[in-house]
Amino acid sequence: FVRDLAGNRTSCFSTLEIVSKANGPNSKNILGGKILNYQLQSNASTNRLNFNFKLQNDTKNLNLYPCGEPVNFPDLNYSLCVDSTQNPMEGYLIPQLISNTPLVGVTTYDLVQIIRKLFGLVKFNAYEALAADVDCDDQITIFDIFDIKRLVLGSISKFKCESVQLYTADKLNPKKVSDEKIFNLPRFDFDMVPVIKGDINGSGFFFHNKVDEYRSAQDFKFYVDNFKVRQGVEYDVWISTAEEYNVYGIQLGQLFDENKLEVLNISSPVINLNKDVDYIINKGGDWRCLLLSHDVSLFKISGNFLRIRIKAKFDGMVNEAMSSKHYPVPLFVIGSDIELAVPKLAENNITSAVDVNVDHTIPRVYPNPFNGDLLIENVNSKDVPKTVEVFTMEGKIVYHGDIMKTGHDNRIIISKDVFDYSGMYLLVLNYQDHIHKQIVLKY
């Protein structure tokens, strides 16, 4: 599989296309040129475009196909041939996408560039602007940001308009090649620029060093809780920071080995998170979360800022299930400088964690009803009442005990001899910061 900067883990299939360098007797070169990037530089080949081509003129549509370069034109990186019985002089080049492949190259980095554009920190050339306008309303707005966010998370697989288009090599006024009539065929100077919606830097067609996408000078350090888990029990794992940061966004995903910890839901005290909008959880351990404010403004994080509800599939420590021990996880921060940064991730070792499905503010009193001793069980030695009292229903106190310490299992035992008769009693537990009252029944 391959993993892109958005955190998508996808199986990768390769197709080998064999193109004859020598043209056969039944074909002839009709059109050629260069495939250019957004800066009109040549570094791609037509075989990566995933298009079939037709030439449309007034009378018919002619099939074109890749072939060897014509004589005396060695620097072309695409060349199309037509049946030798045809002699077209002009027409429109009609590209047809072979398959609707995923929008490769669209990452959180592209989202950051649109934010920078809206803040006036960068300018887009004509092709970058076409890529940024993912909803095809002829303007770049906050809505384009949220459409890219949904694509990065995987809640959508395509944008509202065509995902890939070929444009003419005209910086000032690029047009779709299908709208530009080509005269004086054959021609070998017809250059084209492929534009992928959402791919602002053109990484889907034109490989580059991904280190260039991590530019922020800001340093971030996050902590992930590490504690002992038991199979079948649900817990909350918190992502936290010891410092206070102002950020525009945070992306996190696939932090745990899906065979050891299952992610159930994600929430935050900082920003309201909605499933399939702000985070997505797929089968096979594929989950992603992208925190952005509703108006793409700065927000503050400090302490515990992201809670991940998990279910343990094994007995052990959380850090034993950390995927980051085996490969980098997609963890990025959009800092206050509106640049993409990769924070450091460290463990926050805590002594214990509790089953989230149990209300640990309520002690367990059992058996109830009872006929023998009455037992009171607390979560741990730190969470015990200072005093225990038992009253009759008329208000008479029949027992008072000062609790100095509990047994190794954090239980308090009230002897059956305290209860003189069968009936209801009021149990009062006085904690340091609250009082718990409960009716118990002796039979």
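**Close-up 1. Aspartate 138 in the loop between helix 2 (126-132) and helix 3 (142-153).** Helices are DSSP runs of H or I with at least four residues, strands are runs of E with at least two, and both are numbered from the N terminus. This is a predicted model, in which local features need pLDDT of at least 70, side-chain atom pairs count only at pLDDT 80 or more, and totals for chains, interfaces and linings use all residues. Residues are numbered from 1 along each chain as its sequence is written, and side-chain values use heavy atoms, with hydrogens and water left out. Aspartate 138 has a positive phi, near 65°. Most residues other than glycine have a negative phi. With a relative accessible area of 75%, aspartate 138 is exposed (over 50%; buried is under 20%, partly exposed in between; 1.4 Å probe, protein chains only).

**Close-up 2. Glutamine 254 in the loop between strand 13 (234-253) and strand 14 (261-267).** Phi of glutamine 254 is also positive, near 50°. Glutamine 254 is buried, at 3% relative accessibility.

**Close-up 3. The cis peptide bond from leucine 185 to proline 186.** Omega of this bond is near 0°. Proline 186 lies in the loop that links strand 9 (181-182) to strand 10 (192-196).

Close-up 4. Strand 5 (residues 61-66) and strand 6 (residues 78-83) run antiparallel and are joined by 2 bridges. Tyrosine 65 has cysteine 81 in strand 6 as its bridge partner.

How values were computed: Pairing = 2+ DSSP bridges.
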